[in-house]
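Hello,

Here is the structure I promised to pass on. Please open it and keep it beside this email as you read.

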Amino acid sequence: EQYWLGHRQDGQHISWSVAKSFISALIAIALEEHKIDSIDDPITNYLPEFEGSGYDGVRIKDILQMSSGVGFNEDYADPGSDINRFGRTMALGGSMAKFAATLERAREPGSYHHHVSIDTQVLGMLLTRVTGTSLASYLEKKIWRRIGMEHDAYWMLDATGMEVAFGGLNASLRDYARFGMLYLNGGKFRGEQIVPARWVRESTTPGGPHLMPGKGNPDSSSSWGYGYQWWIPGPGISDYTAAGVYNQYIYVNPGARVVIVKNSANFRYLVERQESKELHIAMFRAIAETLR
């Protein structure tokens, strides 16, 4: 356990897309509580304001698997990309929900894996709609207090008071690790099932050809596989990871019984993206193998 550049054990660090894996866990709990009938339901059954948009009729499951079919350019190096337009909308006080409703369909849902951060924002909207509470409150009640988190956390909000579901969670390194341990232990904490075990398995297992890891998959924009908001680097190893832009990770290796968390602010990420991802996984696997 090491801290640098003024960071401390009780300091909160932004998670970016690591937050997506927390949203997945909350979807599982809402499903278990029958607040969501089925992830095979169209999202528009719960969020009718998306009728006529790219999300019209798209299954919750396809959104969880980043296979919504919605057209979205997530190139952080391109000032005109959708992710940067989205960031400007949020920074200037616009509504994330209204932005999401402007997106159009580019592919058949469930046929192609493409990382779309707005997919997770839509899942966050689903959660607030069906639970009647904020993401922060639901996370605190259903996970934070129940697994003995050590420190307070906070979530960035947009101008409407909605959490930045896809990347705005800020927490301590130890508490990110506790979340990883929850998944390593099949969703259990001290004998209590917090996240359903079946969900943990399905979340960390590719559920279709387009979600399989491997370079050259014609139905995926990534060489890594995908589950429900978790990455599966593969192939041949059962590890998985939550991963955020600029190299934040919650890495889980069930075979070695190891969880590794890394906070980062890699200013070279845009030119090192794929290389840095592969190097991090190689490093985590080497550590895990040493500890096995």
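Start with helix 9. What covers its buried residues includes strand 8 (240-244), strand 9 (248-253) and strand 10 (258-262). Covering rests on contact, meaning heavy atoms within 4.5 Å. Buried means under 20% relative accessible area (1.4 Å probe, protein chains only). Helices (H or I, at least four residues) and strands (E, at least two) are DSSP runs, numbered from the N terminus.

Two notes on the source. This is a predicted model: local features need pLDDT of at least 70, side-chain atom pairs count only at pLDDT 80 or more, and totals for chains, interfaces and linings use all residues. Residues are numbered from 1 along each chain as its sequence is written, and side-chain values use heavy atoms, without hydrogens and water.

Back to helix 9. Its buried residues include Tyr-269, His-280 and Phe-284. Helix 9 bends by about 50° at Glu-275. That bend is the angle between axes fitted to the seven residues ending there and the seven starting there.

Next, helix 3 (residues 82-91). Its buried residues are Asp-82, Ile-83, Asn-84 and Phe-86. They pack against helix 4 (96-101) and helix 5 (117-131). Gly-93 follows helix 3, and its phi is positive, near 90°.

Three strands form an open sheet in the order 1-3-2, with antiparallel pairing. Strand 1 (13-14) and strand 2 (154-155) are at the edges with a single partner strand each, so one side of each has no neighbour in the sheet. Two strands pair if DSSP finds at least two bridges between them. Trp-155 has Leu-169 in strand 3 as its bridge partner.

Best wishes

How values were computed
Buried < 20%, exposed > 50% of the residue type's maximum accessible area, 1.4 Å probe, protein only.
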